[in-house]
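Q: Please take a close look at one part of this model, the contact between the two chains. What builds it?

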Amino acid sequence: METNEGAVLSLQNFRKQFGSGCEKCADLDERHLQRNYCPNCRTTYACADLSLDLYGGEILGVVGESGSGKSTLLRCLYFDEEASSGEAFLQGYKSGQVNIFTETGQQKRYIRNYHLGMVYQNPYMGLRMSFSSIGNIAEKLIAAGGRSVDAMTGRAASLLHKVDIPPYRFLETPATFSGGMQQRVQIAKALSNNPPILLLDEITTGLDLSVQAKVLDLIKGIQRELRISMLVVSHDLAVIRMLAERTIVMLDGKIVEQGLTDQVLEDPQHPYTQKLVQSLL
Amino acid sequence: MNKYNFAFFDEQSKREIRRALLKAVAIPGYQVPFASREMPIARGWGTGGLQVMLAIVGKKDVIKVIDQGSDDSVNAVSIRKFIKQMTGVLETAETSEASIVQSRHRVPEVPLTGEQILILQVPIPEPLRETEQSELRAKRLHAEKEYSGVWLSLFEQIMKYGCTATGADHPTMVHERYVMSPSPIPRYDNRKLNDCAALILFGAGREKKIYALPPYTKVESLAFVDRPFVSESMHGKICRLCGAEGVFLDESVQAAGAGPFYECNDTGYCRQRQSSKSRLDRGEKSGD
Ligand SMILES: Nc1ncnc2c1ncn2[C@@H]1O[C@H](COP(=O)(O)OP(=O)(O)O)[C@@H](O)[C@H]1O
Ligand SMILES: [Mg+2]
Ligand SMILES: [Zn+2]
């Protein structure tokens with residue numbers, strides 16, 4: 001298999017399970033599963049054979065309740081966790097001909113440093129809280145081979161400027177920053193190597209509404225300016241509605257509905273989506 | 001008269017440490033785990049270096065033990081006394097006379113030869129420690145030659161202090177493969193590791209690691225392209241005891257009014273220069 005035409009990321013039958021599985025649940029037979037869980041062997045199927053395409057320059061929303069497998073999806077794509085099975089192809093990596101899940105550790109690090117940027121829900125996951133903000137951004141530049149201090153501080157400063165961190169705080173540690181600022185530093189870090197794909201996991205959850213709006217505006221601005229493709233994960237339909245052109249609805253590790261965001265919101269087909277939309281109204 | 005085996009350890013224990021040493025020599029800069037033993041001195045006081053010493057010392061060896069350049073510090077004296085008690089070997093303060101030098105935090109000023117072995121005591125062998133606390137993950141990073149963490153530490157020092165502030169223990173790239181902590185020697189000593197004629201062994205007792213530089217190994221101090229590696233400046237400073245210039249000097253402050261004065265940090269080197277100078281002053285020929 002390879003990437004579908006126009007897709008910068010193509011995911012096929014991606015599975016992530018916690019546990020070894022048993023003969024009853026291995027084929028994901030719903031009769032033996034309680035939602036995403038097999039009571040027989042205590043295996044959780046966090047992502048149960050997902051397929052999706054992310055197209056150039058688009059924001060694809062992934063929505064679903066807590067535990068539906070959204071973070072696991074991003075963590076596996078960013079190689080924080082190892083996929084159990086399935087394939088993923090990147091248009092920009094080896095012409096989309098190679099399953100990145102089965103590449104070597106070194107290759108995965110390369111993909112992470114050159115092709116992907118990640119913003120975690122919890123800034124403690126994505127930042128070194130005791131290092132300077134500029135150092136946090138340099139980390140990604142160094143990982144991609146940067147060895148010039150001046151070039152890296154220049155790039156880091158311009159990114160921090162872009163996300164509205166005042167210059168006098170560049171050398172301070174993110175530990176002293178507000179939650180909104182920490183998220184903006186994470187975004188600057190994720191952008192540092194001009195990745196074609198950005199992965200965003202609940203980046204406004206836990207922020208005040210006014211701060212949320214500022215971060216969302218920033219994301220929209222970046223997408224318009226840089227045409228980066230983004231996979232935006234949220235349990236919050238309002239966030240999805242504001243950012244995503246297309247949306248995937250997840251439940252128990254599976255995709256239950258997908259389409260243009262407007263369509264999904266106006267005319268939800270799956271009972272679960274209908275419930276979600278109703279709760280938003 | 002000695003109720004212990006030669007060199008304190010039983011032969012089996014020595015063999016085990018030697019096996020780790022052989023592996024370390026075969027993979028320059030790679031940290032080899034070893035079963036660090038309980039010693040009659042506290043861990044953190046050079047037990048790693050001492051264990052390496054005891055594993056390799058032979059009856060004909062002449063040993064020198066220094067602590068931060070000094071042969072006379074309590075620590076150096078007690079380690080030396082212990083080795084002598086357990087082996088009966090000769091000791092010396094002159095680097096050129098020693099076949100094995102055990103040192104904490106310095107490489108002697110007198111260039112080492114191919115006949116000699118230098119043992120350095122190591123408190124923290126892992127150069128990735130600051131950015132990766134998990135030993136398992138650090139090991140994987142070494143395997144993949146992924147040293148961003150070390151570079152990040154250096155970068156962060158430049159952000160904080162305007163320069164790489166490694167007073168000592170500035171990380172090195174060994175044989176273009178492994179990043180190695182050179183032990184807390186001053187940056188001034190880093191270049192002595194490069195292409196050194198002697199075998200250099202590193203022992204970390206508390207952390208249970210041994211690593212090595214075989215003779216003539218390439219050792220480069222890490223530096224960004226626009227921030228070259230610089231060692232401590234000894235420019236314009238002279239040892240007030242032996243007149244040496246361009247060696248690693250300790251600075252002391254005198255009574256109010258007078259400026260600071262300098263003395264060789266390597267006391268054995270300094271004393272040797274003083275005695276050959278006084279011989280010259282007395283009109284004797286040097287080198288007799
Ligand atoms: N490390 C883990 N070990 C076991 N189960 C896990 C682990 N991580 C996640 N899970 C399970 O996988 C499912 C999906 O989790 P997650 O991806 O965090 O969901 P979401 O981000 O949508 O809230 C949940 O049932 C969760 O309990
Ligand atoms: Mg989540
Ligand atoms: Zn099962």
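A: The contact between chain A and chain B

In this predicted model, E144(B) forms a salt bridge with R109(A), and their closest N and O atoms are 2.3 Å apart. The count of salt bridges between chain A and chain B is 2. Polar contacts between the two chains come to 9 residue pairs, with both residues at pLDDT 80 or more.

Three helices of chain A, α2 (105-115), α4 (133-143) and α5 (149-162), each supply at least two residues of the side that touches chain B. The largest share of that side comes from α4(A), with 6 residues. By type, the residues on the side of chain A that touches chain B are 9 nonpolar, 6 polar and 5 charged.

As for extent, 20 residues from chain A and 16 residues from chain B take part in the contact. The size of an interface is often expressed as the accessible area lost when the parts come together. Here chain A and chain B bury about 1,700 Å² between them, and 63% of this lies on carbon and sulfur atoms. On the side of chain A, the residues that lose the most area to chain B are F131(A), R147(A) and V149(A), which together account for 35% of what that side buries.

Taken together, the contact joins 20 residues of chain A to 16 residues of chain B, with 2 salt bridges and 9 residue pairs in polar contact.

Notes
Residues numbered from 1 in each chain as written. Chains lettered and ligands numbered in written order. Predicted model: local features only at pLDDT ≥ 70, side-chain atom pairs only at ≥ 80, totals over all residues. Heavy atoms only, no water. Contact = heavy atoms within 4.5 Å. Buried area = accessible area lost by both parts, 1.4 Å probe. Salt bridge = Lys/Arg side-chain N within 4 Å of Asp/Glu carboxyl O. Polar contact = N/O pair within 3.5 Å; in protein donor to acceptor, adjacent residues only side chain to side chain. Helix = DSSP H or I, 4+ residues; strand = E, 2+ residues; numbered from the N terminus. Nonpolar A, V, L, I, M, F, W, Y, C, P; charged D, E, K, R; others polar.
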